[in-house]
Amino acid sequence: MKDNQSTLNVSGLFAQSLSKEHIELQEKASRFAEEVLYPYELSCEENNGLEQHELTKINEQVLTWDLNAINHSKEDGGQGLTIFEQMLVNEQLGKVTNALWDTVFQPAYPMRFGTKQQKEEYLIPTNLGKRRDAYAITEENAGSDPSQCGTRADKVDGGFKINGEKWFVTVGDVADYILVHAHVDGDPEKPTVFFVDKDSHGVKVKRTPMYTHNFVYEHPEFIFKDVYVDDSKMLGEIGGGYDLTKDWFVEARLGIAARCVGAAIRATETANSFAAERKQFGQSIRDFQAIEFMLADMAVEITAAKSMLYRICWELSESWERKLNHARAAAVKLHCSEMAGRVCDKAVQILGGRGYMRENPVERLWRDTRVDRIWEGTSEVQRVVIARQIKKRGLGIYVD
Ligand SMILES: Cc1cc2nc3c(=O)[nH]c(=O)nc-3n(C[C@H](O)[C@H](O)[C@H](O)COP(=O)(O)OP(=O)(O)OC[C@H]3O[C@@H](n4cnc5c(N)ncnc54)[C@H](O)[C@@H]3O)c2cc1C
């Protein structure tokens, strides 16, 4: 069966309104996904990850293709892409299964607020593919409500002592440092983020659970026991942890939304090709109205979600107003992730039994996109954010 690998259609609805530079960027990301990452999908699926030498090779390719740190400034070693341009890249990367998009590293946004020393030690080498970050907020008792964070950073002479436990630390297996969200002196009014080197005394992996997807990296749980960090390891100021985390959420939520649109497009392309080729009862299955109506619904779902995504990312590229961006990123993440769930599910259905085979991309996309309704804030939490914004600022921020 053919996996209809996308060649971007420049006469498409969205391509028509893009500049030449944007089309070139989109095409580059699309080629990178297909030429560099697709070939690793099946071995990543079978082995729940890749060998170190394969990761190193991809890392080199990311740098060669100038796709490293698209979300950070050129001055800091990144590509300096706008939010809209980042979205164009992320949409293409979202077509790749097994979260291989995460090899195209986009270091955590809040690091740009670091000191000169922090940038030299952490951000710049990370942007250049020499180091790798992970971001740890979630805990056993602090999930949707991070104010319940039990990890504490007690002030000691010249620095802090960190104690606590973090769960679901994505890329925790290969990262060499972790941005740890903790409460200074255990005070919920003092949420603060710290750079913690993974080889620091007292940092330990507790366990590495298995998940629904076969992600290219792991999501281990970490224990921090009397981990000493000096004052220079604090990112921003004491009590500034939430604002930094919120900024990270905005960027991460837009990235998820873009990838969900990409995933839905690949699933639909694959289902569309399959429906044309597959014959049952003496005819192509796409000529059954039940199948073509599914394809019609999938296409319309994508058009609607993609219109929203492009519009909001364009606006965010023009203005960086923290609260409004938070409100809009929640809406687009909610809609695009729910849309991808519905579309990938239909793609599985159109492929019938083959849709349930792990060797087919629609099956992996269906499984991979399930987490997009959970991480970086569940769908319910996005609705809480949106509802609060409506109450506070009026419905107009979404509908006018
Ligand atoms: C694969 C994976 C990778 C992850 N990577 C990271 C990472 O790198 N760093 C990190 O810090 N975290 C990470 N997470 C954690 C993720 O962000 C949390 O799982 C998520 O925020 C939900 O928290 P929880 O799992 O504790 O669920 P809970 O908060 O316990 O929620 C359980 C259920 O209750 C609902 N609920 C909770 N509060 C409300 C409410 N106010 N109103 C209505 N419903 C509500 C939820 O929507 C959900 O349905 C990852 C998770 C996964 C699965």
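Which residues lie nearest the centre of the largest cavity? They are W101, R259, D368, T369 and D372, among 15 lining residues. The model is predicted. This briefing covers its cavities, its ligand site and its aromatic pairs.

**Largest cavity**

- The count comes to 2 cavities of 30 Å³ or more.
- The largest cavity has a volume of about 130 Å³.
- Two elements, α6 (241–277) and α9 (361–368), each give two or more residues to the lining of the largest cavity.
- The lining of the largest cavity divides into 8 nonpolar, 4 polar and 3 charged residues.
- W101, R259 and D368 are among the residues that lie nearest the centre of the largest cavity.

**Second largest cavity**

- The second largest cavity holds about 60 Å³ of space.
- Its lining consists of N48, P209, M210, Y211, H213, N214, F215, Y217, E218 and H219.
- By class, that lining has 5 nonpolar, 4 polar and 1 charged residues.

**Ligand site**

- The shell around the ligand has 17 residues, and T138, S144, T170, T378 and E380 come nearest.
- S144 places a polar side-chain atom 2.6 Å from an oxygen atom of the ligand.
- T170 has a side-chain N or O atom 2.7 Å from a nitrogen atom of the ligand.
- I137 contributes through its backbone: an N or O atom there lies 2.8 Å from an oxygen atom of the ligand.
- Taken alone, the ligand exposes 970 Å², and the protein buries 65% of that.
- The elements giving two or more residues to the ligand shell are β1 (133–136) and α10 (379–393).
- By class, the shell around the ligand has 8 nonpolar, 7 polar and 2 charged residues.

**Aromatic pairs**

- The model has 19 aromatic pairs.
- One of them joins W101 and F215, with ring centres 5.8 Å apart.
- The planes of W101 and F215 stand at 80 degrees, so the pair is edge-to-face; the cut-off for that class is over 60 degrees.
- The pair links distant parts of the chain, 114 residues apart.
- W101 sits in the loop between α4 (83–93) and α5 (116–127).
- F215 sits in the loop between β6 (203–207) and β7 (221–230).

**Where the topics meet**

- W101 lines the largest cavity, and F215 lines the second largest cavity.
- The rings of W101 and F215 form an edge-to-face pair.

Terms used. Residues numbered from 1 in each chain as written. Predicted model: local features only at pLDDT ≥ 70, side-chain atom pairs only at ≥ 80, totals over all residues. Heavy atoms only, no water. 1 Å grid on protein atoms, 1.4 Å probe; cavity = no way out; pocket = protein on both sides within 12 Å on 5 of 7 lines; lining within 4 Å. Points joined across faces, edges and corners; volume = space filled by probe spheres on them. Helix = DSSP H or I, 4+ residues; strand = E, 2+ residues; numbered from the N terminus. Nonpolar A, V, L, I, M, F, W, Y, C, P; charged D, E, K, R; others polar. Near = heavy atom within 4 Å. Polar contact = N/O pair within 3.5 Å; in protein donor to acceptor, adjacent residues only side chain to side chain. Areas by Shrake-Rupley, 256 points an atom, 1.4 Å probe, with all protein chains shown as cover. Phe/Tyr/Trp six-rings, centres within 6.5 Å; stacked < 30°, edge-to-face > 60°.
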